[in-house]
Amino acid sequence: MSPRWNATFSTTTRHSLEAGTTVEVPSWAAIARLLVSCLLISAIFSARADELPESPQDSRFEGYPNAPEIRVVPRKDDLFFYPCNQCHEAIQPNAEIRPLSAPHDSELTHGRGLIWCLSCHDVANRDNLRTLLNEQVDFDDAHLVCAGCHANRHKDWTFGVHGKRVDNWTGERTQFSCTHCHDPHKPAIAPRAPQPPPPVRTGLELTPGSEHVNEPAWARPEVNQE
Amino acid sequence: MGVIRFIFDGVREMLRGPREYWAWLLFLSVVVVFGSWQYWVQFSNGLVVTGMSDQVSWGFYIANFAFLVGIAAAAVLLVIPAYIFHRKDIKDVVLVGEGMAVAAVTMAILFVIVDLGRPDRLWHMIPVIGSLNFPISLLAWDVLVLSGYLLLNLAIPFYLLYSRYRGREANFRIYFPIVVISMFWAISIHTVTAFLFSANPARPFWHTALLGPRFIASAFASGPALIIITLEIVRKVSTYKVSQSVISTLALIMTVALQINLFFVGAELFTDFYNEGAHAASIHYLFLGLGGFDSLQPWIWFALTLNIIAVIILMIHPLRKNVLTLNIACVLAFIGIWIEKGMGLVIPGFVPTPLGEIFEYVPTSVELSVSAGIWAFGVLMFTVLAKAVIAIEQGRLRYRDKKSEISQ
Amino acid sequence: MSKDPGSDDRGKFDKARRNFLRGLGMGTAAAAAQPAWGGDTLSDTFADFFQKHYQRMTSEEITETLERIERKAESRYGVEISCENTPPQPGVVFGYAINISRCKGYRDCVDACVQENNLGRDSQVQYIRVLQMDKGDSNLEHSEHYYDPETVPVEGKYYLPVQCMQCDDPPCVKACPVDATWMEPDGIVVVDYDWCIGCRYCMTACPYWARHFNWTTPEIPAEEMNTDTHFLGNRPRPRGVVEKCHFCIQRTRKGRQPACMEACPTGARIFGNLLDPDSEIRYVLQNKQVFRLKEDLGTEPKFWYFSD
């Protein structure tokens with residue numbers, strides 16, 4: 001049997017062999033191995049489908065004491081490429097850290113190198129995200145992924161003091177998810193132009209005064225001189 | 001009815017006089033008409049025709065108001081010596097002083113009315129029919145005390161003059177208690193006006209306990225200045241007897257008041273500039289300019305100079321006794337205090353705004369015209385009142401009872 | 001919402017008014033209904049002049065007044081508006097907090113407020129003013145009001161939006177000589193625009209520069225007018241009166257967010273019921289390092305700032 005099969009399903013075995021040696025296997029064992037591998041693969045896949053938590057209630061996340069009930073505005077409708085498995089079902093998962101090709105953003109500034117795509121995206125099922133504990137998380141519940149690192153913000157968001165509540169100030173709380181405002185791949189919000197400055201009363205004009213210069217103490221030259 | 005004859009005769013006296021008198025009335029009337037026309041422009045277009053803004057929301061009108069309330073209060077400087085200290089010489093002229101108070105209060109009230117955004121809603125200030133926020137609002141207090149002062153200064157002279165007109169002795173027990181009330185009331189009108197400004201912690205320039213005393217001191221310096229000039233003019237254009245002792249008493253009061261006023265100014269300057277914090281921004285703007293804005297700076301230094309020259313003249317006895325130098329000092333003090341207590345008080349309270357913005361204010365021609373019209377109206381009012389008062393006091397105006405004439 | 005002046009279901013007041021005017025020899029009701037006084041009918045002008053203080057009107061009188069306001073808006077702006085008098089919700093006192101770490105100085109709140117509250121485009125009143133401050137400096141005198149850079153936020157600056165603080169001990173309420181401004185039970189400091197005499201003493205008294213005056217008649221383009229109005233809120237206001245932020249009373253009394261909060265893209269604004277222990281505003285007050293402006297003046301603003 002061609003060593004390529006072994007290479008595909010048991011790369012560790014291959015690495016344990018010394019370079020240059022070949023592996024001789026009896027043909028019956030190879031067929032059996034192939035069959036078992038196929039069964040295993042399908043078993044793994046089908047098992048994965050069954051094991052997908054339906055909702056965050058299945059998550060280990062304990063929540064915050066006295067947290068209010070909130071409804072999160074769904075994200076999936078806004079995601080252009082969703083469902084991701086449209087393509088990814090046919091693509092081999094590749095966990096190697098590398099720049100991605102189109103149509104994905106290959107730019108990932110989030111974490112400045114401390115994380116990469118598969119830190120948040122599930123390698124096997126691209127229609128889900130993953131938490132630090134490798135739990136599956138739906139795209140509409142992305143905040144559970146963010147909470148893994150940004151716990152303080154997440155707590156603020158849960159209690160409504162970070163992020164944006166929509167529609168009302170009383171009654172059912174509906175909030176935007178984190179990714180509504182923060183692009184998880186490039187989270188820094190770009191500066192934009194402000195609305196125009198306030199007007200001056202009709203008939204009067206703004207006379208420019210002298211430029212206000214308020215230097216902090218450490219910037220004044222006499223302080224910096226040694 | 002004696003009262004109706006009294007009023008009728010009084011008005012007739014007001015409309016009688018030599019050519020110069022009529023020329024004066026005509027001149028004042030022209031200014032009043034001009035001011036009224038400009039006010040019509042303001043009433044039709046709104047206060048946008050003024051130079052005021054959200055940043056400096058009170059301007060020339062309120063500046064004149066604050067100054068005139070002081071002039072009105074200063075009538076008490078004649079009332080007290082006349083009725084408490086029984087100074088006969090002053091008692092002879094006290095009604096002229098009260099006529100000035102009436103004119104000054106009327107001017108002050110007019111200045112407030114022209115400053116209102118909705119003068120058509122003035123009735124809202126009437127208690128019961130409207131809704132007067134008394135005793136919490138200082139403006140409500142001001143409305144009441146000014147109206148009361150006007151009534152007092154109309155009632156007392158009315159009673160005294162009517163008695164004289166009818167040839168009878170005024171009843172001491174009737175008028176004296178009211179006179180005493182008017183003395184305290186005079187102090188109260190100016191104290192309430194000072195509290196109007198000093199009640200606002202949002203405006204650190206005004207939020208000082210010294211503002212009340214400053215108002216009284218400057219009122220007692222500027223009021224006598226005007227009274228002295230006026231009495232000198234009265235002496236000149238009429239046969240009314242004005243003793244020199246009246247003038248010298250007023251000059252002495254004015255000297256002390258001006259000294260105290262300058263001391264208060266000094267105290268303010270020291271307190272704000274010694275350890276200059278954010279609260280000193282307004283006085284810094286006034287005296288030294290702020291952030292490149294300094295339109296009031298020349299005015300306040302000019303005013304301070306005038307006051308200092310005036311007080312020096314007044315402190316030198318021979319100069320105070322000399323008619324010419326005394327009159328110069330009066331004019332200087334009057335103008336100096338008008339600047340310092342008018343624009344020099346109101347505008348810096350708004351610069352910088354509570355949010356730190358510096359926005360300057362310049363009165364427009366509409367404001368200046370309307371103000372000139374109101375001043376002319378006040379002077380006109382005083383002229384005609386003085387004309388009638390003098391005629392009655394000199395005995396030239398008497399109630400002629402037809403029946404008694406025939407029987408004689 | 002405007003009703004025909006001749007319609008029968010206008011009630012006894014109308015009839016009484018017509019009789020009164022007839023008695024004065026003013027002519028028939030038809031004559032009195034001719035628009036003449038700046039576009040208003042004579043009867044409307046009379047009713048305007050004698051209109052009582054909001055707190056003294058009976059509910060019938062308030063309904064009459066609301067209808068009159070709607071008629072005036074129609075004749076002045078050519079727009080049919082609805083003017084309501086939604087009462088305060090019981091058990092509610094409003095509070096507001098701004099996260100100054102989130103505010104980037106966009107001024108979207110200012111723009112939304114102008115649209116929502118029918119602020120005069122030419123009288124140029126803006127209830128909200130955003131200050132650009134130097135980082136490390138909280139001195140308002142060093143603030144920049146008219147910042148207009150290419151982009152915001154500017155490096156080294158932070159942004160402080162200021163509007164009416166709806167103080168619990170409001171100096172403006174004390175100052176008003178005619179009781180034209182007062183604090184409603186839900187904590188909003190309101191102005192009766194038809195009672196205000198325009199003396200501007202309240203503007204002098206306010207430490208936050210929150211009160212603004214209509215130096216001219218507010219001009220609002222008809223197509224931009226917000227037609228859902230409240231008597232104490234965003235209904236078209238006349239010239240010569242003071243106005244200010246009222247926490248979008250026409251929205252908040254119905255459970256909606258104030259326009260500034262809805263417009264803020266960064267979610268810097270937090271609004272809610274101070275009496276509800278589970279509200280976001282209470283969470284902010286209990287868990288964040290909040291401060292208020294000019295705390296030492298004792299005005300007890302219901303408007304906090306925090307950063308995180």
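Mentor: Let us begin with a term for the elements: helices (H or I, at least four residues) and strands (E, at least two) are DSSP runs, numbered from the N terminus. This is a predicted model, in which local features need pLDDT of at least 70 and side-chain atom pairs count only at pLDDT 80 or more, while totals for chains, interfaces and linings use all residues. Residues are numbered from 1 along each chain as its sequence is written, chains are lettered from A and ligands numbered from 1 in the order in which they are written, and side-chain values use heavy atoms, with hydrogens and water left out.

Trainee: Which residues does the cis peptide bond with an omega of about -5° join?

Mentor: That bond joins Tyr82(A) and Pro83(A). Pro83(A) sits in the loop between β1 (70-72) and α4 (85-88) of chain A. In chain C, Val152(C) and Pro153(C) are also joined by a cis peptide bond, with omega about 0°; the loop between β5 (129-134) and β6 (157-162) holds Pro153(C).

Trainee: Where is Asp179(C) found?

Mentor: Asp179(C) belongs to the loop between α6 (171-175) and β7 (181-183) of chain C. Although Asp179(C) is not a glycine, its phi is positive, at about 60°. Buried means under 20% relative accessible area, exposed over 50%, and partly exposed in between (1.4 Å probe, protein chains only). Asp179(C) counts as partly exposed because its relative accessibility is 25%.

Trainee: How many residues does the largest nonpolar core have?

Mentor: A nonpolar core is a set of buried Ala, Val, Leu, Ile, Met, Phe, Trp, Tyr and Cys residues joined through side-chain atoms within 4.5 Å. The largest has 215 residues, and those with the most contacts inside it include Trp58(B), Leu231(B) and Tyr305(C). Helix α5 (residues 88-115) of chain B gives the most to this core, namely 15 residues.

Trainee: With which residues is Leu231(B) in contact, leaving aside its neighbours within four places in sequence?

Mentor: Contact means heavy atoms within 4.5 Å. On that basis, leaving aside neighbours within four places in sequence, the partners of Leu231(B) are Val93(B), Val96(B), Val242(B), Val246(B), Ile247(B) and Leu250(B).

Trainee: What does a second, separate core include?

Mentor: This separate core of 12 residues includes Val93(C), Ile270(C), Tyr283(C) and Val284(C).
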